[in-house]
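The entries follow the order in which I went through them.

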Amino acid sequence: MPTLYLPPHFKFGAATSAFQIEGGWNADGKGPSIWDTFGHSPGKVKNDEPGDVACDSYHRYGDDIALMREVGLDTYRMSLSWSRLMPEGTGQVNQAGVDYYNRVIDGLLDAGVDPNVTLYHWDLPQVLEDRGGWANRDVADWFGEYATVVFDRFGDRVRRWATLNEPIAIWAGYGVGFFAPGRTDARAGRQAMHNALLAHGSGVQAFRAAGSPGEIGIVLDIWKRHPATQSARDVALAHEGDDDGFRFFLDALRGGGYSDRIRHRLQAEGTMPVIHDGDQELIEQPIDYLGLNVYSRIVVDSTKNDGSQFARTDPFPGGNFLDNGQEFYPRAVLDALNLLRDDYGWTGPVHITENGMADGPSSDSDPLQDDERIRYVSGFLEWISEAIREGHDVRSYYLWSLMDNFEWSAGFSMKFGIAALDPATLDRVPKKSALWYRDVIAAHRKTRPTAEQA
Ligand code: BGC
């Protein structure tokens with residue numbers, strides 16, 4: 001058991017997202033999303049396995065909640081499928097979709113698990129993609145309309161909301177093409193990133209207008225670049241990677257607008273997004289917390305790679321590596337929190353909305369014996385503990401993920417779950433890490449005042 005300094009009000013959770021677990025891709029009036037289309041296009045997803053069924057949580061959400069109870073989670077981070085709720089993207093609301101999420105939310109509350117709901121985790125309705133998708137700035141209005149429906153239907157029971165999960169994924173979808181919708185247009189990609197921030201702003205406005213109790217934020221991922229050497233080229237590459245990966249978003253959300261460094265580069269590339277008067281005010285309106293997904297860092301070496309968001313140093317420059325090839329660098333969480341405070345003045349609440357690792361090849365023999373995941377999560381919890389000791393206001397931790405699920409372009413080949421899925425029955429089978437996490441949570445619960453335990 002790690003030595004932790006986590007205050008009694010600290011909460012433990014696990015995270016998933018709609019497309020990665022729900023399945024039921026065309027059930028009961030749901031419209032297709034860009035990930036349905038992408039997954040049905042040959043060669044886009046590993047082994048051409050789409051997310052049609054995934055973990056079948058559309059039908060088996062009760063099993064998910066039972067697993068959460070077994071582990072003793074305080075909170076569960078999930079997302080909503082826009083095209084399940086609004087098959088046309090705007091306009092008509094699909095009551096079967098509303099009923100589904102009501103069952104999930106009420107089931108969580110009955111189980112004593114607090115829902116933490118993200119409006120958008122990468123699955124844009126295909127009909128909206130057909131109108132230009134994230135590259136069309138109308139997406140901010142579409143998203144605002146969707147958000148209004150969501151807060152109206154679920155705002156009475158959900159207390160923590162996020163607008164977007166990791167908007168950098170929109171670059172992966174429009175600029176680089178290895179995520180849905182698979183476009184490779186850098187100008188459209190940068191515009192889509194800007195439009196995503198506008199949509200975030202519209203979502204926050206809709207939340208305030210609805211007057212729902214609770215709080216709203218956005219979820220960003222920080223994979224901080226560390227230059228392999230202090231050479232000018234390595235340092236420049238690290239800056240470029242940080243700018244593309246997360247500073248673009250943080251500059252606008254917290255820094256008064258895109259930095260000169262970003263503007264100069266994008267202007268030189270001819271990819272600077274079109275910005276209208278009033279955009280910055282919409283983007284930077286106050287939020288209640290920041291959601292931080294943190295998995296590791298990226299060491300960039302100009303002699304070996306181009307430092308782009310998705311590059312990995314190869315061969316590895318040293319350090320401590322997991323069986324899956326990723327560096328084990330749990331201090332990444334403190335580095336990210338320091339960066340938010342020092343560079344963006346953020347001293348408000350932070351929720352660690354995702355952290356976890358994929359099984360490596362050595363788990364093939366026994367996927368339930370995931371000792372490395374235990375070591376990984378322990379390391380991060382220790383550094384979160386250290387961050388809190390140093391004054392950071394970290395309020396919760398969500399392990400990615402509750403169970404093995406659809407890992408985007410990697411299909412089902414990368415497994416991040418603390419539970420496996422029985423391939424024949426889709427039963428959720430807790431791995432060793434789930435039982436260990438249960439004990440960590442139970443030990444922490446003993447530190448809470450009795451009233452809070454109830
Ligand atoms: C995403 C998840 C994804 C996880 C593991 C995060 O960036 O939000 O959807 O499954 O990383 O790759």
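How far does a polar side-chain atom of Glu407 lie from an oxygen atom of the ligand? I worked on a predicted model, and in it I found a separation of 2.6 Å between a polar side-chain atom of Glu407 and a ligand oxygen. Taken alone, the ligand would expose 310 Å², and I noted that the protein buries 89% of that area.

I then looked up two further side chains beside the ligand. For Glu166, a side-chain N or O atom is 2.7 Å from an oxygen atom of the ligand, while for Asn165 the corresponding value is 2.9 Å.

Next I listed the surroundings of the ligand, and among the residues there I wrote down Gln20, His121, Trp122, Asn293, Tyr295, Glu354, Trp400, Trp408 and Phe416. Sorted by residue class, the shell around the ligand holds five nonpolar, four polar and three charged residues.

The largest cavity contains about 100 Å³ of space, and its lining consists of 16 residues, with Ile21, Tyr76, Met78, Tyr100 and Val104 lying nearest the centre.

Which elements each supply at least two residues of that lining? I noted the helices α1 (18–21), α3 (57–71) and α5 (95–110), together with the strand β2 (75–79). By class, I recorded the lining of the largest cavity as eleven nonpolar, three polar and two charged residues.

How values were computed. Residues are numbered from 1 along each chain as its sequence is written. This is a predicted model: local features need pLDDT of at least 70, side-chain atom pairs count only at pLDDT 80 or more; totals for chains, interfaces and linings use all residues. Side-chain values use heavy atoms; hydrogens and water are left out. On a 1 Å grid over the protein atoms alone, a cavity is a set of points where a 1.4 Å probe fits but cannot get out, and a pocket is an open set with protein on both sides within 12 Å along at least five of seven lines; lining residues have an atom within 4 Å of a point. Grid points are joined across faces, edges and corners, and a volume is the space filled by probe spheres set on the points. Helices (H or I, at least four residues) and strands (E, at least two) are DSSP runs, numbered from the N terminus. Ala, Val, Leu, Ile, Met, Phe, Trp, Tyr, Cys and Pro count as nonpolar, Asp, Glu, Lys and Arg as charged, and the others, Gly among them, as polar. A residue is near a molecule or strand if one of its heavy atoms lies within 4 Å of it. A polar contact is a pair of N or O atoms within 3.5 Å; within protein, one must be able to donate a hydrogen and the other to accept it, and residues adjacent in sequence count only if both atoms are side-chain atoms. Accessible areas come from the Shrake-Rupley method with a 1.4 Å probe; for residues, only the protein chains shown count as cover.
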